[in-house]
Amino acid sequence: MKQNDREELKGMKIPPEVLLREILMRWRIILLCAVLFAGLFAGYRYLRHVRQSRTAVAEDILTTEVFKKGIAITEEKIESRKEYLAGSILAEINPYRMAYAEASVFLSGDQDTVNKVMHSLYFYAGNKFDWSEFAREHGTEERYMKELVGVAEYSEQNCFFIRIRHRTEEEAGEMMSYLLEGLAEYDERLKESCGAHTYDVTDWQTRTGNDSNYADWAEAQFNRIPTLETVLENFRKKAGSGGAVSLSKSSLLKYMVLGGVLGALIAVFAVLVFIFMKDRLLDARELKALYGIKNLAVFPAERKAKKSFAPDRWIESIGRDAAERIPEKERCRIAGEKLAAFAPGAKTLALTGDVKEKELQKLSELLAGYIQGAVFAPAPAPDKNADSVRILREADAVILVGEIRRSCLGVLERQIDLAEELGRPIAGSIVL
């Protein structure tokens, strides 16, 4: 198996709780990075504040007079917006019960004449039509009439479409009648200046419907006032402070939190890269997931004894195999039963793996004390030691031994390949 393939499988096969344990084991590094980045971000925010303050004084940009002008302009915008919304008919229409008056105007005759007339009528209806008298009669302003009218030109069909929106169908129809009457008069004048043509109004109707696009438009019109008021309040605060730029505690805290989170994420990513680059055995279940080697026993007592700090002991317990909590004697007995099943008839078993020779010797003595009728022979570093190769060749089966966080998967893989080349079956694995 190639190393990159093994690392890819390792990333998929390693239990999530084991990966979490290995990350949390480096909690000091993660905390240090979080604190460091929080300090860097806070320092950056403070330096930017100092630079902004100096720029304001040096270049005389953020002055009280500038903010006072901003206040005057914004106040004028707010008043103008309020005045418009107070008188606008369109702004008060219910978008889900909007009344429409619709009509199509068709022209026929010489095409050049029709094109000229079409453009003139379309522009007149949408932009030049005089609504002033009609607006006075209805107690409103001409600008509020014009925004109710929509005109669309369809030159290919020699027609244009008129749509008027209003509160009721009766009011929309009244506006449409007034507009069509004015258009007919204007068309008579166009016949004199542009030439003879036919003018027909069709599909004249009123209806009530809903318009979701208008609903969004209306909401935006009213929401504009609170937005402008917020801008106005900011201008007033800055004008009151003489244009000085202040550094708030919330802004500084926000940068510190952002820096801390970013630092922690970078540290976690670096830890993950380190874990996979180091290519160490992290859990007894990995050997089965990567190479299909069944586990005989786990002996973690010595590893646990090294931990004294309470958080580290708690972290070390995350994702541990249930077999680790079984008494040593019972674990050895279980290992013997598994050996009888996995390698029946094997009397001489070679212990090999990326483990120190003294560890293999201690393990062979432990197993020999509980498992009768079998001889356990240590074979350290068989890829470098000829005597170990001989022990492997003469053994009935091989037991692969690995140590958490110390055994390199690449070395274990070479030893697995060597056992296969020698024709020795691997009875299982023991993890320290």
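Q: At roughly what angle do the axes of α6 and α9 cross?
A: This is a predicted model, in which local features need pLDDT of at least 70 and side-chain atom pairs count only at pLDDT 80 or more, while totals for chains, interfaces and linings use all residues. Residues are numbered from 1 along each chain as its sequence is written, and side-chain values use heavy atoms, with hydrogens and water left out. Helices (DSSP runs of H or I, at least four residues) and strands (runs of E, at least two) are numbered from the N terminus, while axes are lines fitted to C-alpha atoms, for helices over the stretch in contact, with angles from 0 to 180 degrees between N-to-C directions. On that basis the axes of α6 and α9 come within 11 Å, and they cross at roughly 145 degrees.

Q: Is the crossing of α6 and α9 left-handed or right-handed?
A: A crossing is left-handed if the near helix is turned anticlockwise from the far one by less than a right angle, and right-handed if clockwise. For α6 and α9, the crossing is right-handed.

Q: How many residues of the contact of α6 with α9 are nonpolar?
A: The contact (heavy atoms within 4.5 Å) includes Val 117, Leu 121 and Tyr 124 of α6 and Leu 183, Tyr 186 and Leu 190 of α9. Ala, Val, Leu, Ile, Met, Phe, Trp, Tyr, Cys and Pro count as nonpolar, Asp, Glu, Lys and Arg as charged, and the others, Gly among them, as polar. Beside three polar and three charged residues, the nonpolar ones number eight.

Q: How far apart are the axes of α2 and α11?
A: Helix α2 (residues 16–24) and helix α11 (residues 249–278) pack at an angle of about 115 degrees, which makes α2 roughly perpendicular to α11, a term for angles of 65 to 115 degrees, whereas those under 35 count as roughly parallel, those over 145 as roughly antiparallel and the rest as oblique. Leu 19, Glu 22 and Ile 23 of α2 take part in the contact, whose residues divide into seven nonpolar, no polar and one charged. The axes of α2 and α11 lie apart by 10 Å.

Q: Which residues of α16 make the contact with α15?
A: Helices α15 and α16 pack at an angle of about 80 degrees, with their axes 9 Å apart, so α15 is roughly perpendicular to α16. From α15, the contact is made by Glu 328, Lys 329 and Cys 332, and from α16 by Leu 366, Leu 367 and Tyr 370.

Q: What percentage of the residues of the chain count as buried?
A: The chain has 18 helices and nine strands. Of its 432 residues, the share that count as buried is 40%.

Definitions and conventions:
Buried means under 20% relative accessible area, exposed over 50%, partly exposed in between (1.4 Å probe, protein chains only).
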